[in-house]
Amino acid sequence: MDSDDSATNKQRSLAIALAYAPGDSAPRVVAKGRGLVAEEIIRRAREYGVFVHESPELVTLLMQSNLDDRIPPQLYVAVAELLAWLYRLEQQA
């Protein structure tokens, strides 16, 4: 990562991890953090083969949720589209 790329640095300074299982009413926030904690969330996700999607706007909105909260209804469509895209990627692999 280029240290002069402030947009990338800002984007990397926040991270959210969501969990969703069949039967859940909505995905839950299972981890969130800033700075080094965000970098660790991303590192561990990649280490375990979990898809990492970079969307600064969505992360900023999800940061307002508490840990173990379901995502807010206003974000259902955005997250559902992301999960559907991810499902298609996994089916192709």
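**Exercise 1. Classify arginine 43 by its accessibility.**

Solution. Arginine 43 has a relative accessibility of 41%, so it counts as partly exposed. The classes are buried (under 20% relative accessible area), exposed (over 50%) and partly exposed in between, with a 1.4 Å probe and protein chains only.

The model is predicted: local features need pLDDT of at least 70, side-chain atom pairs count only at pLDDT 80 or more, and totals for chains, interfaces and linings use all residues. Residues are numbered from 1 along each chain as its sequence is written, and side-chain values use heavy atoms, with hydrogens and water left out.

**Exercise 2. Describe the confidence of the model.**

Solution. Step 1: pLDDT is the predictor's confidence in each residue, from 0 to 100. The mean for the protein is 86, and 87% of its residues reach 70 or more.
Step 2: Residues 1-8 have a pLDDT below 50, and this stretch makes 5 contacts beyond near neighbours in sequence. A contact means heavy atoms within 4.5 Å.
Step 3: Where pLDDT is low, the predicted coordinates should not be read in detail.

**Exercise 3. Trace the salt bridges of glutamate 40.**

Solution. Step 1: A salt bridge is a side-chain nitrogen of Lys or Arg within 4 Å of a carboxyl oxygen of Asp or Glu.
Step 2: Glutamate 40 pairs with arginine 43 at 2.6 Å, N to O. Both residues lie in helix 2 (residues 35-47), 3 residues apart, about one turn of the helix. Helices (H or I, at least four residues) and strands (E, at least two) are DSSP runs, numbered from the N terminus.
Step 3: Glutamate 40 also forms a salt bridge with arginine 44, at 2.8 Å, N to O. These two are 4 residues apart in helix 2, so about one helical turn separates them.
Step 4: Glutamate 40 is partly exposed at 29% relative accessibility, and arginine 44 is partly exposed at 48%.
Step 5: A network of salt bridges links Glu40, Arg43, Arg44 and Glu47.

**Exercise 4. Find which parts of the chain the salt bridge of arginine 28 joins.**

Solution. Step 1: The structure holds 5 salt bridges. In one of them, arginine 28 pairs with aspartate 68, with the closest N and O atoms 2.4 Å apart.
Step 2: Arginine 28 is in strand 2 (residues 28-34), while aspartate 68 is in the loop between helix 3 (56-62) and helix 4 (76-92); the pair therefore ties together parts 40 residues apart in sequence.
Step 3: Arginine 28 has a relative accessible area of 24%, which means that it is partly exposed.
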